[in-house]
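Open the model in your viewer and keep the selection tool ready. The tour has two stops.

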Amino acid sequence: MSEAGKKPPVICLLGPTAAGKTALAMELVDRADCEIISVDSAQVYRGMDIGTGKPEPKLLQRYPHRLIDIADPAEPYSASEFRSDALREIETVTRSGKLPLLVGGTMLYFKALRDGLADMPDADQSVRTQIEAMAAESGWQAVHARLSEVDPEAAARIHPNDPQRLQRALEVYMLTGESLSSHHQKEKNGSAEFAGIPFDLHFFAIQVHDRGVLHERIAVRFQQMLEQGLVDEVRALHSRPDLNESLPSIKSVGYKQVWQYLEGELDYDGMVERSIIATRQLAKRQLTWLRSWPDLRQLGESPADSVDSILNYVDSISI
């Protein structure tokens with residue numbers, strides 16, 4: 001623990017997919033007394049290993065990751081649940097005398113931890129089924145049009161071809177009678193679930209300056225996932241009667257496209273192409289988040305220099 005009156009530090013390592021966050025985190029564990037806490041909305045699910053980029057079991061034995069394999073794919077896991085779980089794990093790591101090291105690319109989870117959350121309703125499958133039926137009959141443009149009527153601010157922000165966010169925004173209104181934008185405004189006004197947290201969060205980001213290099217890494221990594229057995233992994237999920245493509249777990253990048261391939265909606269080459277494109281789009285969204293992230297310390301692409309930068313900073317705040 002830190003000296004009296006000073007909040008214990010927490011290191012947060014952000015970056016786009018395929019940027020090398022996990023490898024850098026492992027180097028930090030080798031050189032400092034820290035413990036990894038995963039910040040990944042897909043790695044929380046059991047049985048989803050290859051497509052989420054979880055380290056292999058031997059590496060996990062050497063470098064334990066908290067908050068992976070904690071939920072079944074049939075059970076949606078929310079940002080609110082992550083916040084509660086992360087705060088608990090940070091406290092546990094801090095009490096052990098180690099430095100918590102949060103690592104991942106789910107920017108919404110980092111934001112929820114930093115800012116708190118408005119009192120949002122949990123996902124409701126019956127309401128989601130109604131929205132999906134509307135989309136099936138009239139298209140997601142119709143869902144977007146309905147959202148424009150009840151929450152024009154959210155509709156202006158959400159693209160008509162973004163079904164997951166459209167569904168959630170309309171779901172919140174249907175469950176509460178109050179717009180998603182209104183919930184977000186309450187959060188900004190200080191009515192979040194928590195006013196603050198008893199830790200100091202220090203944010204670092206791996207920046208990839210050459211977008212072409214990142215795209216190449218994404219393509220190579222997806223091919224490696226296929227070679228490691230991604231299709232068989234998704235096939236095992238596909239065989240479960242309690243799983244379907246409307247679940248957040250199955251909507252994860254890569255899993256959604258392989259699921260569509262198993263359903264006969266895509267051929268193999270189309271599945272590969274769509275998966276790589278979807279991963280590139282995910283990386284683009286992550287980079288957009290990072291550009292507007294306050295108090296973000298930029299790291300270069302050299303792992304050794306990045307480790308030194310973080311450890312030097314940790315030393316400076318410990319004085």
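What follows is a cavity, then a helix pair.

This is a predicted model, where local features need pLDDT of at least 70, side-chain atom pairs count only at pLDDT 80 or more, and totals for chains, interfaces and linings use all residues. Residues are numbered from 1 along each chain as its sequence is written, and side-chain values use heavy atoms, with hydrogens and water left out.

**Stop one: the cavity**

Select Ile11, Leu28, Ala32, Cys34, Leu99, Leu101, Ile310, Leu311 and Val314. They line the largest cavity. A cavity is a set of points on a 1 Å grid over the protein atoms alone where a 1.4 Å probe fits but cannot get out; lining residues have an atom within 4 Å of a point. Points join across faces, edges and corners, and volume is the space filled by probe spheres set on them. The count is one cavity of 30 Å³ or more. The largest holds about 40 Å³.

Now colour β4 (99-103) and α14 (303-318). Each supplies at least two lining residues. α14 gives the most, with three. Helices (H or I, at least four residues) and strands (E, at least two) are DSSP runs, numbered from the N terminus.

**Stop two: the helix pair**

Finally, show side chains. Leu24, Glu27, Leu28 and Arg31 in α1 meet α14 residues including Pro303, Ile310 and Leu311. Contact means heavy atoms within 4.5 Å.

Key:
On a 1 Å grid over the protein atoms alone, a cavity is a set of points where a 1.4 Å probe fits but cannot get out, and a pocket is an open set with protein on both sides within 12 Å along at least five of seven lines; lining residues have an atom within 4 Å of a point.
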